[in-house]
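Welcome! Please take a look at the model below, and then read on for a short tour of its pockets and its core.

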Amino acid sequence: MTGTAAEISTELQEVYGLEVVRIPTHRGVQRRNVGVYLCRTAEEKWRKVAAHVRELRKLGRPVLIGTRSVEASEQLSALLNSHGLGHTVLNARQDAEEAAIVAAAGEAGRVTVATNMAGRGTDIRLAQSIVQSGGLHVVLTEFHESARIDRQLFGRCARQGDPGSFEAIVSLEDELFRRYARVLARIVYAIALGRPELASGLFCRLLRWLAQHSAENRNLAARRQTMKQDAKLEKALAFAGAPE
């Protein structure tokens with residue numbers, strides 16, 4: 001079972017012969033999308049994240065910040081420290097404490113910086129005071145090649161009927177945009193110089209769709225090619241026939 005199987009239902013049918021069935025959530029979903037804030041540079045992005053963390057801590061809300069790499073998590077950690085913002089880092093170097101760190105991420109005023117894979121599958125439980133103040137807030141700091149990974153991070157908040165919210169604070173210098181939408185990223189960059197609110201709206205959605213669509217198509221083609229090679233090897237190495 002997974003909350004993001006619908007997007008790949010065609011591939012699951014093609015590869016494994018499995019159908020995808022949607023199951024309604026046990027309780028109503030109260031997850032609120034705050035939107036996307038598009039920055040011109042990575043430096044501007046990290047400053048925006050730190051400023052937003054400070055605002056949310058004043059409200060007593062816990063914050064979970066998702067990063068794409070260990071390096072990015074440590075870079076953000078250093079910036080938060082320089083601003084006097086206490087936090088916990090969860091990446092590949094704290095794997096032994098992973099479940100405990102994630103379980104505590106819903107405490108009042110708690111700030112947790114985590115890589116994408118860290119703590120997945122662990123529920124973040126909220127105290128009653130946190131539920132009343134709006135629940136856990138999730139910040140994505142870089143879109144991924146697969147939109148499913150983005151959704152998995154957003155899905156860390158507002159579980160089991162709890163309230164929660166999420167947003168993305170990204171930059172035009174992020175790897176996804178540079179690799180898969182370089183030309184459009186330059187156009188959006190020029191627009192962002194004078195109309196940042198426009199760049200964070202329609203153009204950002206277009207930029208994200210184009211980059212992720214290109215990346216997912218490439219990765220799907222690579223998986224299909226691997227399957228074909230496996231089938232050829234299996235046929236070449238197979239043998240049949242009754243002994244004489």
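## About the model

This is a predicted model, in which local features need pLDDT of at least 70 and side-chain atom pairs count only at pLDDT 80 or more, while totals for chains, interfaces and linings use all residues. Residues are numbered from 1 along each chain as its sequence is written, and side-chain values use heavy atoms, with hydrogens and water left out.

## The largest pocket

Rolling a probe the size of a water molecule over the atoms shows where empty space is left. A pocket here is an open set of points, on a 1 Å grid over the protein atoms alone, where a 1.4 Å probe fits and protein lies on both sides within 12 Å along at least five of seven lines; lining residues have an atom within 4 Å of a point. The volume is the space filled by probe spheres set on the points, which are joined across faces, edges and corners.

The largest pocket holds about 1300 Å³ of space. It has 33 lining residues, and Thr2, Gly3, Thr4, Thr25 and Arg151 are the closest to its centre. Helix 6 (residues 147-154) gives the largest share of this lining, three residues. Helices (H or I, at least four residues) and strands (E, at least two) are DSSP runs, numbered from the N terminus.

## The second largest pocket

The second largest pocket has a volume of about 480 Å³. Among its 18 lining residues, Ile8, Glu11, Arg148, Glu216 and Arg223 lie nearest the centre. Two or more residues each come from helix 1 (9-16), helix 6 and helix 10 (202-237), and helix 10 gives the most, with seven.

Let's visit Glu11, which sits in helix 1. Is Glu11 buried or exposed? Glu11 counts as buried because its relative accessibility is 18%, and buried means under 20% relative accessible area (1.4 Å probe, protein chains only). Its side chain makes a polar contact (a pair of N or O atoms within 3.5 Å, one able to donate a hydrogen and the other to accept it) with the side chain of Arg223, at 2.7 Å.

## The nonpolar core

In soluble globular proteins, nonpolar side chains tend to be buried together. A nonpolar core is a set of buried Ala, Val, Leu, Ile, Met, Phe, Trp, Tyr and Cys residues joined through side-chain atoms within 4.5 Å. The largest one has 33 residues, and Val138 and Phe177 have the most contacts inside it. Helix 10 supplies the largest share of this core, four residues.

Conventions
Buried < 20%, exposed > 50% of the residue type's maximum accessible area, 1.4 Å probe, protein only.
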